[in-house]
Amino acid sequence: MERVLGIDLGTTNTCVAIVEDGVPTVIPNRGGYKTTPSMVAITEAGKRLVGHIAKRQAITNAENTVYAAKRLIGRKWTSPQVKNAVSTASYKIVEGPHGDVRIVLRDKTYSVPEMSAMILQEVKLFAEDYLNEPVTKAVITVPAYFNDNQRQATKDAGTIAGLDVIRIINEPTAAALAYGFGKNVDKVLAVFDLGGGTFDISILEISSGGVFKVIATAGDTFLGGEDFDGRIIDWLVDGFKEQNGVDLRQDRMALQRLKDAAEKAKCELSGVTETEINLPFIISSGRNDALHLQRALSRATLEQLCEDLIERCVEICRQTLEDARLDKDEIEEVVLVGGMTRMPAVQEAVTKFFAREPCKGVHPDEVVGLGAAVQGAALVDESREMILLDVTPHALGIMTAGSKFEELIPKNTTVPTSRSKIFTTSRDNQTAVKILVMQGESEQANENELLGEFILTGLRRAPKGQVEIEVNFEINSDGIVSVSAKDLETGQAQSIQVTASSGLTKDEVKSMMDKAKDFLVQSKESDEFEGVRQEAEKLVTDIEKMFPQVESVVASSDFGREALSKARGILQKTREAMDKKDANSVKEQMEALSRTHRMFKGVVSRPH
């Protein structure tokens, strides 16, 4: 059976899993960790760093280290969330050629899917090392409240990384799959997923026959651990400014140190009631005096700073229960997912709202990746009895006269599905209508996402309201939306298959795929060179150390002088090959180096 990776591409961390011998298993990275920081950096030498190694150098290379890219993926430059990120990120965010978002590192501009692809490429590589075989297929998870453009951008990231993304599934749904895997249960479940950058709540019904039916889902794609960290950073910055008259927001390295310290303090306060944030030499004042930051943060203060963020989560839960037409006491189990659910105040809020203790039987950082692996295995193995019925997280409809949004498919409708509605012309003698396909919840069309548009022509000239047009929406099991419009009088029709845009053209995606392949070849060559270089370097150093002693023994004979001259030539050629970073040339010298090394050792060890 073909292997399929399950990848939880998180805002803060990424987790990859596989089903082995019927058991979903997390694949550790090269350092042995079960999760990999979703961070990418470019060094001064132009080298790409991903994961833990990128995180370790983030403070000293703040402007060229990208974190939380998931919050920007698939978004338009004009969105308020992007404006917020531009003002707070340590790296440079600019507008792309298609109104999308781009990131500048070392004077080179990257798309957001490209940054995510670097993370996916890294996890693909260490997964292949672990499995000892190439893997090309993957199921990647996204927040349930991601719109079509964000989902497509995530899929593009997978394509750039060399992965065939056979399904994009919602994170809470994946968590439910992992929770219900191998269990014979009938249960109504709430998955409360508060991660590093996003919040989702999904209500599901699990049946003993392996049916997972999503009843309702909602969320906020800009609410997560990053916002909790931001509150601590603001508290530190404001306090420091009040005390010293210096605004730390103006210094990117100081901001990165604050971000690092805020995250650490937040995590510590899940286990203790108070922690000290101590950052010596945080900045120099105008008098060239180094200033230090030292403040004690209590759990109570943190809870006060983040009270409204937790309340936002609870309010979304309240609305989702209403959408599902369920009472709290009908929820039989609450599953906590995401690192932020370790915060005691979050757990207390969930317990209070649902009036029950949440389930502690799943790992909040790994359960989504495991669920994605379960889905992947089910898609390639027909013998697995599992049916997943998901919903569309946003309403779908068209724009009507007066820039109003007319809903055809309500949010939380189980897919696949289709709906039709009859509209009429809005002007006298109108011979064509433009159908603008939109996604969102606002009654005002311009506040929703435009997915596509097409024109139906050849309508009969008549007073407004007399020509009837039937608009039909259809969503298949893969979430692809098709829209058609038909003149009921003549039967003339026009249709469109809505293809979400990530902000990248097909040519751009192909170009990025080629670059990613080139990087892999270069990276492989670099790793290969590094291995042979270290071996050669050791032999060269050993030979050079023995040279004076060998010279004193054999230099008196013609044979000895010739051997020494030959040895010097081999050393010089090896050094030149190493300077050129030419692995093949270094390899060619290895045999001669080894021979010289053996000969020198024989001379040195011989009694004189």
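User: Where is P416 found?

Analyst: This is a predicted model. In it, P416 sits in the loop between β23 (413-414) and β24 (417-424).

User: Why is α6 called roughly antiparallel to α9?

Analyst: Helix α6 (residues 225-244) and helix α9 (residues 307-324) pack at an angle of about 160°. Angles over 145 degrees count as roughly antiparallel. Therefore α6 is roughly antiparallel to α9. The two axes are 10 Å apart.

User: What is the hand of the crossing of α6 and α9, left or right?

Analyst: The α6 and α9 crossing is right-handed.

User: Which residues make the contact?

Analyst: From α6 come D227, F228 and R231. From α9 come D308, L309 and I310. By class, three residues in the contact of α6 with α9 are nonpolar, three are charged and none is polar.

User: How do you know that N132 is exposed?

Analyst: Its relative accessibility is 72%. Exposed means over 50%. So N132 counts as exposed. N132 lies in the loop between α3 (112-131) and β11 (137-142).

User: Which other non-glycine residue has a positive phi, of about 50°?

Analyst: F281 does, and it is not a glycine. F281 lies in strand β16 (residues 274-284).

User: Is F281 buried or exposed, and why?

Analyst: The relative accessible area of F281 is 57%. The cut-off for exposed is over 50%. F281 is therefore exposed.

User: What makes helix α5 mostly covered?

Analyst: Helix α5 spans residues 171-180, and nine of its ten residues are buried. Buried means under 20% relative accessible area. The buried residues of α5 are E171, P172, T173, A174, A175, A176, L177, Y179 and G180.

User: What follows α5?

Analyst: G182 follows α5, with a positive phi near 75°.

User: Which residues touch the most other members of the largest nonpolar core?

Analyst: F192 and F354 do, in a core of 56 residues. Helix α9 gives the most to this core, with eight residues.

User: What is F354 in contact with, leaving aside its neighbours within four places in sequence?

Analyst: F354 is in contact with A190, I201, C317, L321, K328, I331 and V334.

User: What makes up the second core?

Analyst: The second core is separate and has 55 residues. Among them are A58, I119, F126 and M512.

User: How many residues of the protein chain count as buried?

Analyst: The chain has 608 residues, and 52% count as buried.

User: What share of the contacts with a separation of 6 or more comes from residues 24 or more positions apart?

Analyst: Those residues account for 65% of such contacts in the protein chain.

User: How many helices and strands does the protein chain have?

Analyst: The secondary structure comes to 14 helices and 29 strands. Along the principal axes, the C-alpha atoms fill a box of roughly 115 × 60 × 55 Å.

Definitions and conventions: Residues numbered from 1 in each chain as written. Predicted model: local features only at pLDDT ≥ 70, side-chain atom pairs only at ≥ 80, totals over all residues. Heavy atoms only, no water. Axes fitted to C-alpha atoms, helices over the stretch in contact; angles between N-to-C directions. Helix = DSSP H or I, 4+ residues; strand = E, 2+ residues; numbered from the N terminus. Parallel < 35°, antiparallel > 145°, perpendicular 65-115°, else oblique. Left-handed = near helix turned anticlockwise from the far one by under 90°. Contact = heavy atoms within 4.5 Å. Nonpolar A, V, L, I, M, F, W, Y, C, P; charged D, E, K, R; others polar. Core = buried A, V, L, I, M, F, W, Y, C linked by side-chain atoms within 4.5 Å. Buried < 20%, exposed > 50% of the residue type's maximum accessible area, 1.4 Å probe, protein only.
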